[in-house]
Amino acid sequence: MPDSVPAFDTVIRNGRVATAADVFSCDIGIRDGRIAALGEGLAGRQGIDAAGKWVLPGGIDSHVHISQPSGEGIMMADDFASATRSAALGGNTTVLPFCMQESGASLRSAVGAYHAKAEGECYVDVSFHLIITDPSESVLGQELPALVADGYPSFKVFMTYEGLALADRQILEVMEVARQTRALVMVHAENYDIIRFLTDRLERGGRTAPRFHAASRPVIAEREATSRAISLAELSDVPLMVVHVSNREAMEEIRRAQAKGLKILGETCPQYLVLTASDLDGLNMEGAKYVCSPPPRDTASQEACWEGLQQGVFATFSSDHCPFRYDDPQGKLTPKGRTSFRWVPNGIPGVGARLPILFSEGVVKGRIDINRFVAVTATNHAKIYGLYPKKGTIAVGADADIAIWDPALTRTLTHAAIQDGSDYTPYEGMEITGWPVLTMVRGRVVAQDGVLTGAKGFGQFVPRAL
């Protein structure tokens with residue numbers, strides 16, 4: 001190759017690079033969408049100066065809900081364009097939404113429907129989990145094994161919610177398929193009967209405002225279901241991911257299982273680090289903005305969730321992005337929701353806020369170091385869900401999925417900065433230090449300085465294998 005021809009399409013220079021294991025300074029040479037070299041004095045057709053900034057693997061958010069059916073008269077706020085736009089602006093390069101099987105329908109048809117929704121719409125790369133609501137013989141015996149082989153090796157089961165909750169026997173049957181196919185089961189662990197009992201009692205007493213959502217889903221409901229799910233996984237001899245853990249008691253169940261040598265994984269989310277149940281106390285229906293499950297707890301629970309991240313009990317930090325508009329009769333202000341917290345759409349937006357919150361509250365404030373940040377926001381997601389080493393790290397041969405962070409940039413977190421499809425963020429007004437100023441997906445800059453620069457449809461579907 002003549003000396004006048006640059007060796008790389010793009011070179012990122014002068015930054016401080018961090019992976020889950022190391023911190024070092026070097027140039028990053030990118031060719032054909034992949035990291036082709038780490039070195040010094042690399043030459044490229046274009047250069048990006050990252051002086052004074054962190055150069056990190058792009059975030060992977062492995063727990064998001066996009067364009068998901070949410071009940072009669074209720075509409076989720078994000079389609080794939082708006083959700084992945086917000087993801088890109090927040091430093092993410094891959095998201096893993098769920099394909100939810102509707103009652104009586106096949107899993108294969110659900111997968112096809114979600115691919116149709118995502119086709120040509122995404123700014124970042126996507127892969128899909130499956131939600132199993134009807135584990136029929138054909139689903140368990142035919143569809144699930146075939147879908148795992150086709151690149152969907154993770155599926156979620158619910159222990160609560162009308163129309164979603166599976167009985168223990170059904171969960172065991174799903175786990176048996178997971179064991180046979182080497183797939184990963186994810187579980188939403190809350191005791192449905194406890195929640196129904198308390199909800200009925202609260203409503204009989206006229207306690208129907210949004211703040212009573214938290215009272216209807218106490219820690220014991222999450223702790224008991226977590227313990228039971230772990231027992232079912234131990235019996236089945238399968239790995240299990242317990243998602244969106246909110247408190248110490250559930251976290252300790254996971255820690256004990258890990259100490260026994262069981263392959264039990266845990267995840268927590270921003271709402272459990274910076275929100276509390278008191279946020280649901282807003283006047284009128286303002287508290288509905290914070291209705292999610294499990295609900296935010298208290299400051300002691302926040303500290304427990306930080307401990308879980310610091311000590312590795314939680315392998316991943318995800319958003320559980322589940323957005324509804326607030327000022328909308330198809331969202332949080334649905335007429336039925338005004339009659340009882342039971343009917344308030346359950347979920348909050350967060351895909352664009354996840355990384356800035358953890359960087360500011362975790363890295364900047366000294367709760368976690370930069371390597372742990374990379375691990376719980378990118379690398380562990382890639383390893384657990386079958387994307388590594390293509391995604392989740394900065395290494396030769398990996399996709400050039402990179403986020404450049406200015407650790408000194410201070411911003412007030414607003415919905416205008418997040419730019420998802422909702423009309424609010426539950427984190428409005430938080431003072432943030434450290435912000436992603438450039439997001440690159442497979443070598444292409446898709447967001448820079450708060451402006452979306454990528455093309456809709458550039459994001460690709462990524463099949464996975466465990």
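**Close-up views of a predicted model**

**View 1. Asn-92 lies in strand S9 (residues 92-100).** Strands here are DSSP runs of E, at least two residues long, and helices are runs of H or I, at least four, both numbered from the N terminus. This is a predicted model, in which local features need pLDDT of at least 70 and side-chain atom pairs count only at pLDDT 80 or more. Residues are numbered from 1 along each chain as its sequence is written. Asn-92 counts as buried because its relative accessibility is 0% (buried means under 20% relative accessible area, with a 1.4 Å probe and protein chains only). Its side chain makes a polar contact with the side chain of Arg-354, at 2.6 Å (a polar contact is a pair of N or O atoms within 3.5 Å, one able to donate a hydrogen and the other to accept it). A polar atom of the Asn-92 side chain also lies 3.2 Å from the backbone oxygen of Val-351.

**View 2. Asp-320 sits in the loop between strand S16 (314-317) and helix H11 (335-339).** Asp-320 is buried, yet has no salt bridge (a side-chain nitrogen of Lys or Arg within 4 Å of a carboxyl oxygen of Asp or Glu). Lys-156, the nearest side chain of opposite charge, is 5.3 Å away. The Asp-320 side chain makes a polar contact with that of His-65, at 3.3 Å.

**View 3. The largest nonpolar core has 100 residues.** Such a core joins buried Ala, Val, Leu, Ile, Met, Phe, Trp, Tyr and Cys residues through side-chain atoms within 4.5 Å. Phe-373 is one of the residues touching the most other members. Helix H13 (residues 370-385) gives the most to this core, with 7 residues.

Terms used. Heavy atoms only, no water. Buried < 20%, exposed > 50% of the residue type's maximum accessible area, 1.4 Å probe, protein only. Lys, Arg positive; Asp, Glu negative; His and termini not counted.
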